Amino acid sequence: MSTLVLDTQAYQLSLQQGLLRCHHPEKGTRLLPWNGLSQIMMAKGVTVESEVLLKAAEQGVGVVLFGQRIKQLACLYPLKVPADNFRLHQYAMFSDKSMTKKLATLLMLGRMQGQKKTLCKLEIAPSAEWRYQATQLPLTDNLMLTEARMTAQYWQLLATRLTAFGFSHRERQPPCDPVNALVSLTSTLEDPLYAKALLGQGFDIGLGFHHSTGYYRHSLLLDIKELTRHDLEYWVAGLFLSGQITTAHFHHTEQGCRLTAQGQQVFYPLWFSFCRQHKKRVHKWAIKAKRLLLQQGIKDAA
């Protein structure tokens, strides 16, 4: 199974004799079978007929549309959710403020452990400030602020290894350097993996317990992604430090720092290779998340 990535304007998607017709005025036309696709990712400027979206749903193919800002992200997935009462259990659990606080604290402790592992692998000693903020996670009344301070220290520590690639701090939208560009891109590319895994376990991915307000993507998806961010961040750092990806693979545009056409040809095979193992980790975390909610519900009932 493969992913079709269309990040160039003027592509037109339609159906032709049941096949996916992918047309570009300069690059020509291709007919693609549905049984070889797992997802379609398309950027702003791609035209798609509604019949394509319906056919994608029928074939179990996810569709991700992304623009230039964090608000401009849409994910369409087939509605293949287990027919059980787990969602009712999720709603009951997430309506309990003490429970959501407990779960959010566990989540951020997981994020902290992930950051620690990445720093260790890159042979970077955690700073005293990072360690202090980490110890405050179970104690603070403002978990999001404490986590933000800890993560800011984390990125400053990573910058000591990535300065040669123009990286000095985390800048999401628009990304200002190659490292930020790949961290943001891989985070977006990871979304369909988590959406499928969480939907498959029966979750309502719009209902989060930490990223609950002010976000324009699925809140629960953002929550659970915190547990694997360090895997992506370490992998991206490794691409630069090993020389597989260089600053020559990027150029600066009005939308920020982006991969060149040559950079895309180098990056995407590396990403899909990484994804084969990362998808397994994501699936395991989705199972663990469901098991944790069910276990907590049993404890409360007792």
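Is the crossing of helix 4 and helix 5 left-handed or right-handed? In this predicted model, the crossing of these two helices is left-handed.

**Helix packing**

Helix 4 spans residues 128–136 and helix 5 spans residues 143–162; their axes lie 9 Å apart and form an angle of about 155 degrees. Helix 4 is therefore roughly antiparallel to helix 5, because angles over 145 degrees are classed in this way. On the helix 4 side, the contact involves Glu129, Trp130, Gln133, Ala134 and Gln136, which meet Thr146, Arg149, Met150, Gln153, Tyr154 and Leu157 of helix 5.

**Cysteines and solvent accessibility**

The structure contains 0 disulfides.

| Residue | Relative accessible area | Class |
|---|---|---|
| Cys120 | 58% | exposed |
| Cys257 | 3% | buried |
| Phe66 | 18% | buried |

Cys120 counts as exposed because its value of 58% is over the 50% cut-off. Cys257, at 3%, is buried because buried means under 20%.

**Phe66**

Phe66 belongs to strand 7, which covers residues 62–66. With a relative accessible area of 18%, Phe66 falls under the 20% limit and so counts as buried. The C-alpha atom of Phe66 is separated by 8.4 Å from that of Thr188, although the two residues are 122 residues apart along the chain.

How values were computed
Residues are numbered from 1 along each chain as its sequence is written. This is a predicted model: local features need pLDDT of at least 70, side-chain atom pairs count only at pLDDT 80 or more; totals for chains, interfaces and linings use all residues. Side-chain values use heavy atoms; hydrogens and water are left out. A disulfide is a pair of cysteine sulfur atoms within 2.5 Å. Buried means under 20% relative accessible area, exposed over 50%, partly exposed in between (1.4 Å probe, protein chains only). Axes are lines fitted to C-alpha atoms, for helices over the stretch in contact, and angles run from 0 to 180 degrees between N-to-C directions. Helices (H or I, at least four residues) and strands (E, at least two) are DSSP runs, numbered from the N terminus. Angles under 35 degrees count as roughly parallel, over 145 as roughly antiparallel, 65 to 115 as roughly perpendicular and the rest as oblique. A crossing is left-handed if the near helix is turned anticlockwise from the far one by less than a right angle, and right-handed if clockwise. Contact means heavy atoms within 4.5 Å.
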